[in-house]
Amino acid sequence: MQRRGFLTGLGCSLAASPLVTPVALAEGPWDNRLIVIVLRGAMDGLDAIRPVGDPAYAGLRPTLAGNGLPLTDFWALHPSLAPLMPLWRAGEFGAAHATSTPYRDRRSHFDGQDILEAGTVGLDGARDGWLNRLLTEVPGARAGTAYAVGRDAMPVLAGDAPVSRWSPDARLAISPQAERLLGLVYEDDPLFHVASADALRIAAEVDGAQSGGAEMMRVADFAAARLVEEARIASFSIGGWDTHGRQEVHLARALEGLAEVVLRLRDGLGPVWARTGVLCLTEFGRTARENGSGGTDHGTGGAMLYFGGGLRGGRVLGDWPGLGDLYADRDLMPVRDVRAYAGWAMRGLFGVDAGVVERVVFPGLELGESPGIV
Amino acid sequence: MPFDPVIAEIRFGCGLSPRVAPPASVDAMLSRLAGPDEMAHALPIPPYSRAEPSLREQARINRERREGKGTAREAETEAAHDAMREAAQALRRDAFQTSMARGIATGDGLRERLVRFWADHFTATAKNANFRHMIAPYVEEAIRPRVAGRFGDMLFAVATHPVMVHSLDQQRSVGPNSDFGDRRDRGLNENLAREVLELHTLGVDGPYGQDDVRELAELLTGVTMNPQRDDVYLPDRAEPGTETVLGVTYGAEASLEVVRDALADLAVHPATAWHLARKLAVHFVSDTPDDGLVAAMADAHLATGGDLLAVTRAMLGHEAAWSPERAKVKQPFGYLQSALRALDVPVGTVVGMERRLWGRLFDRPMVVMGQRWEEPEGPDGWAEAAGDWITPQGMAGRITWALETPSRVRDTLPDPRGFVTTALGPDAPAEVVFAAGAAEDVAEGVGIVLASPAFQRR
């Protein structure tokens, strides 16, 4: 009650706030939604989406290769992704395999993530992220169009275009009297006035949507809640993929968490899920061979997982290079730039021009043939 | 000149304090700044060269840990590694707490603010765990002793400092035609050279091109760092031959002195003077500073060969610096620091605060406010514009902190009706005076004062 009083008592109406402009966004190119999840630590694509039909696979993975869920005669799904099987069958879950960023050879998480989020060929110069450059190219983007969610900085969204942030640590629950008095002291300062009003409104919405569950669930809830409203792009990260040892345990845990997040997003988005694309990107793949401690080390080629009713799933995209011919005699050979998949997804979802993708969003990329992701 | 002690302390210092009187004049501010660094003595942070665990020590313990795996010594080497990590984390936290506390106790707030400004100008971030506790020691060693000295000296100290060298990959840069580069087939890394020109000296719109970046990168080859050794310069990595940067050709005989000469020239270049003058004016006075103020500061830089005390004097001596409009918003670190100072929180409450409590009351709230301590997103440091900080999430963090934390760091809170004057000075805005007195309880009244725009602006 009191909160409503504060909001309606504002000197400028909420509609003038840069965060509340649903009408402008629903028009034109912004009908679809894009979620980019950065899997920090390098997900083992060969274990998540298993090429069980490749004659070399079982030999390279003596302890890790078993009990997958068949997708085709050639591919099998990691058992921890079983909750997502219905999505696969519905065409709302797919993968691109034998893919990577242009980053090669040094296999550093930091550099690999920097390049992934910069969306460039090398590290020289770029200070902004490719999702931010996308925002600069699509008309009508506002601060509330894109959200970086969670505790991480999300360099993929950093740059000149205005972006909003929200961390699950952020909360705002104050007494009605404090709210009234703060409304008074902010009245003559438009910057503080608008930001605090938006903070109260968002905090109230999040409190309502929140189940109080684990942090990643709160991140997913928040992202879904914003995307149902005025936001069109959200990005957050999930860690726990650097499985040098006991991968059977650690990767299972990470994939179970990812599956929960995806289902939570789907449930939270409701009918909007049909117009949503979720891309899960990681800095590089892992070694084709298991190491001596039941894990895998930093590699090159890997897989991108994708979800959502706005993309065409139920398939594994990409030409398969085979595990007989490894990159540097150790890693899955990357045969297509992962930026091309992301680029085609953006073309399909937001109608971004191919030239803009190749020049602005992913400078130096050749989009090539459509992989059929949208 | 319209000097005002309240503006002096709020805009150019760490905020008003019920214990420490504000400065009496510009001359008093400058003579404190030119005099001894009392806070560095009273509340020490070890400089990099004395910070433990050192890089060398960490390398040794990490090596022993690798060698100990699967042997009878494993438990011992693992314990040594854990103890080392804990010591590093403790140093990092202690330096954070000490940096905060210096602003509570100091009578020389301008120095604390300048240290933060230059630490941000010369942002270095940790690229791996071994460097996470070395950022404050780097600032203490390379930057703090030079904030009232010559800019060229600070630039050289920074650009050859192991922490900056590692942060910008300079140790990977090798002259392709040097002995070492030839033998190992290694080449240039332009990162440090590019940032020196783009961020540290001329500025992104400065009069340089890609050729200057490459030539400066060649000139900087030889500057390096190695956790095992103390060398900052290895001649066998330096690119032979002359290099030409901004039309000046530097000696064919590569040496650290050539590096010093080139950086000294860049430090007094007119583009550098204007870039730094504007940046200082933007940081302290306004996101859109008065042209005359910037010109006065740039002129002082050029007239004195980059004497930063003279540049500071030019800023404080210009009437635009004393405009009554509080155009700047405090960044989260300065916001919390000034709140603690206004609340007169004992230094001993902050320094030595238990790890989890510190995380809950300071470290994580600053992240919510958008400023993760010592981890800006890029080498260009923190944003300046008020709108980058006063966001919905930032405000949620600031209001929540202001309402909840003061009662956690002081046994008894001050009466809000008096605190409004302590924190904002005798000319506190009427609506804040009213709101402070109308609050439900003391914590809420204090919180509303700290959350007010009048307190968050400087």
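**View 1. Arg107(A) is a buried residue in this predicted model.** Arg107(A) counts as buried because 20 other C-beta atoms lie within 10 Å (buried means 20 or more other C-beta atoms within 10 Å of a residue's own, exposed 12 or fewer, partly exposed in between, with C-beta atoms placed from the backbone). Its phi is positive, about 60°, although Arg107(A) is not a glycine. You will find Arg107(A) in the loop between strand 5 (93-100) and helix 6 (109-118) of chain A; helices (H or I, at least four residues) and strands (E, at least two) are DSSP runs numbered from the N terminus.

Residues are numbered from 1 along each chain as its sequence is written, and chains are lettered from A and ligands numbered from 1 in the order in which they are written. As the model is predicted, local features need pLDDT of at least 70 and side-chain atom pairs count only at pLDDT 80 or more, while totals for chains, interfaces and linings use all residues.

**View 2. Glu374(B) sits in the loop between helix 19 and helix 20 of chain B.** Here too is a residue other than glycine with a positive phi, near 65°. Glu374(B) is buried, with 21 C-beta neighbours inside 10 Å.

**View 3. A cis peptide bond joins Glu52(B) to Pro53(B).** Omega is near -5°. Pro53(B) belongs to the loop between helix 3 (38-42) and helix 4 (55-68) of chain B.

**View 4. Chain B meets chain A.** Here 32 residues of chain B contact 34 of chain A (C-beta atoms, placed from the backbone, within 7 Å). Helix 21 of chain B gives the largest share of chain B's side, nine residues.

Conventions. Contact = placed C-beta atoms within 7 Å.
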